[in-house]
Structures are given as structure tokens and as C-alpha cells.
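Subject: Structure handover and findings

Hello,

Here is the structure I promised. Please open it alongside these notes.

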Amino acid sequence: MKKPQWLEKEHLYRIIFESDTTVGKWFDIVLIVAIMLSIVVTFVESIHGMSHRYQLVLEILEYAFTFFFTLEYVARLYCSPRARDYALSFFGIVDLLATLPPYLSFFFPGARYMILLRTMRVMRVFRVFKLFSFINEGYILLHSLKRSMNKILVYFMFVLILVVCIGTVMYIVEGSQPHTAFKDLGTSVYWAIVTMTTVGYGDITPVTAVGRFLSAFVMLLGYTIIAIPTGIVSVAIIDETKAPVRNNRCPRCDHRVENEDNFCRYCGEKL
């Protein structure tokens, strides 16, 4: 007996993984709408008054969304020519993480709110509506972050050492005061992090003149230090956008291009 056309792997693949056809585009639009509605349901469930009043309706909706996303994930594995590659790809892992929380909630009740990972699946909107320019900008940002990672790690280690030193000094200055909030080194380092990042919760405050002077210094220091990572990444982004074509490869996605190409056929980057 011949399978219905919609059960054939090739036809199902065109619907689920491609948006060039009308049916494929509508599938992705329905998927995105379902993702957004499931997120709204999760937010409503977290409101105690609403969750008790509409408990049955919310549970039915959640089971329906869970069934839909599970079926969709299994269908992707079924029709993918390389199911293993899809399962280990970025979108494959995101799809799995977005599907598992309702099942994990049977063992770990708090895991159900990991459903909000489904927000990451909304990135499929870039493919549905052909927003390749946004994808191109995403490549620039990712490559810039990758190039800047070593510098950012060195900077982070420097800041970590700095807040430990400042926290220790503040503990020495304030720790001996009666009813002090600086009860231990951990609390003092926490204060240094909150102050240097200019968050300033105000739950821990110095009482001595020296402590207040040190607080003012740390606040001003925070304004100068916190902007450094932005500068590092900005320089990398400028270098990425000005990078010439080397060895007949796209400077954005590193795919091979031809000499007569004006744009990369893979990511759309202007060459």
C-alpha cells in the first residue's frame, strides 16, 4: 500500500525544514504562533490567582502544546536525511530542550518553567520571512565575540582579582565596626561587585569615613571599567566589517566564493 504524499520523507522535509513553499511557510508561521501561545500560558500559570481559576484550561493547553511540539520534533528526526546531524545541531538541541521540560516536571516540578526556552525557537522567524540581512549581522556579532573572547577572559580575570582585593580592604576597614553589614569576606566581595557594576542595591553600606571614601572610588572606577568589553567587541566588529576576501573565502561565514561573485551565496555578505 502506497504511503500518503504527506508521509513521504521528501515531502515532509520540504514542509518542515524549508519555507520556500506556501505550505512550508504556513507550517513555520503556525509553529511560531504555537510557541508564543505556549509562553503566554506559562506566564499565566505563574500568576497564582489566574492559575487556580483557570487550572483545567491551562493544563489542557499545556498538554496540547507538549503533544504538538513532541510530534513536531519526532517528525523532524523522521524526515531529516541526517537525523544525527540535526539532533546535534544548534536548532536541534534548542528544539529538544524546548520539548523536554513538561516531561521533566513529573520528576522535578520546577523544571516546567524551562518551557521558556521555547523563546529561542522564535529565531526561525528569520528563515520564514527571509530576513537574511539580520542573519548576516548575527554572523558579524558571533565572529566578533569569538575573536574577542581571549581578551574578554583576561579582562574578566582582572576584574575578579580587583573586586576580591577591594572587598578584602573594605572588610578590614568596616569589619571591626559594631553592627557592621560586612560580616565576612564573601559579603564584602559581594558588595564590591554590586558597587563596581553600579547596581547599588543598598543592602550593604559602609559607616566609616574611610569606607565611604572607598565606596565613592569604587563607584567611579566602575564607570571606567565596565565600558572596556564594549570597546573590545566594537573594535572586533569594525575589523569584521572591513575584512577583505582572503583566499577566495567569505570573510563572514568562511565558505568558498568565486572571483566573479559580488555576494556570498551562503550568507549574502557583500564581497
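Helices (H or I, at least four residues) and strands (E, at least two) are DSSP runs, numbered from the N terminus. Residues are numbered from 1 along each chain as its sequence is written, and side-chain values use heavy atoms, with hydrogens and water left out. This is a predicted model: local features need pLDDT of at least 70, side-chain atom pairs count only at pLDDT 80 or more, and totals for chains, interfaces and linings use all residues.

Overview

The chain has 12 helices and 0 strands. It holds 271 residues, and 32% of them count as buried. Buried means under 20% relative accessible area, exposed over 50%, and partly exposed in between (1.4 Å probe, protein chains only). Contact means heavy atoms within 4.5 Å. Among contacts between residues at least 6 apart in sequence, 56% join residues at least 24 apart.

Helix 6

D95 sits in helix 6 (residues 90-99). D95 has a relative accessible area of 1%, so it is buried. Its side chain makes a polar contact with the side chain of Y86, at 2.6 Å. A polar contact is a pair of N or O atoms within 3.5 Å; within protein, one must be able to donate a hydrogen and the other to accept it, and residues adjacent in sequence count only if both atoms are side-chain atoms.

The buried residues of helix 6 are G92, V94, D95, A98 and T99. Down the axis of helix 6 they fall within an arc of 165°, so they line one face. The arc is that of the directions from the helix axis to the C-beta atoms. Cover for these buried residues includes helix 4 (55-79), helix 5 (83-88) and helix 7 (101-104). S89 caps the N-terminal end of helix 6, with a side-chain oxygen 3.2 Å from the backbone nitrogen of G92.

Helix 1

L12, I15, I16 and F17 are buried in helix 1 (residues 9-17). These buried residues of helix 1 also span an arc, within 165°, so they line one face of the helix.

Helix 11

Helix 11 (residues 209-225) has 17 residues. From first C-alpha to last it reaches 24 Å, close to the 24 Å expected at 1.5 Å a residue. The expected span is 1.5 Å times one less than the number of residues. Buried here are G211, L214, S215, V218, G222 and I225. They fall within an arc of 105° seen down the axis of helix 11, so they line one face. The face turned away from that buried side carries the exposed residues A209, R212, F213, L220, Y223 and T224.

A209 counts as exposed because its relative accessibility is 63%. A209 and V173 are 36 residues apart in sequence and 9.7 Å apart in space, C-alpha to C-alpha.

T208 lies in the loop between helix 10 and helix 11. T208 counts as buried because its relative accessibility is 16%. A polar atom of its side chain lies 3.0 Å from the backbone nitrogen of G211. Beyond its neighbours within four places in sequence, T208 is in contact with V173, E174 and Q177.

Helix 10 against helix 11

Helix 10 (residues 185-196) and helix 11 pack at about 55°, axes 8 Å apart. Axes are lines fitted to C-alpha atoms, for helices over the stretch in contact, and angles run from 0 to 180 degrees between N-to-C directions. That makes helix 10 oblique to helix 11. Angles under 35 degrees count as roughly parallel, over 145 as roughly antiparallel, 65 to 115 as roughly perpendicular and the rest as oblique. Helix 10 brings W191, A192, T195 and M196 to the contact, while helix 11 brings S215, V218, M219, L221, G222 and I225.

Best wishes
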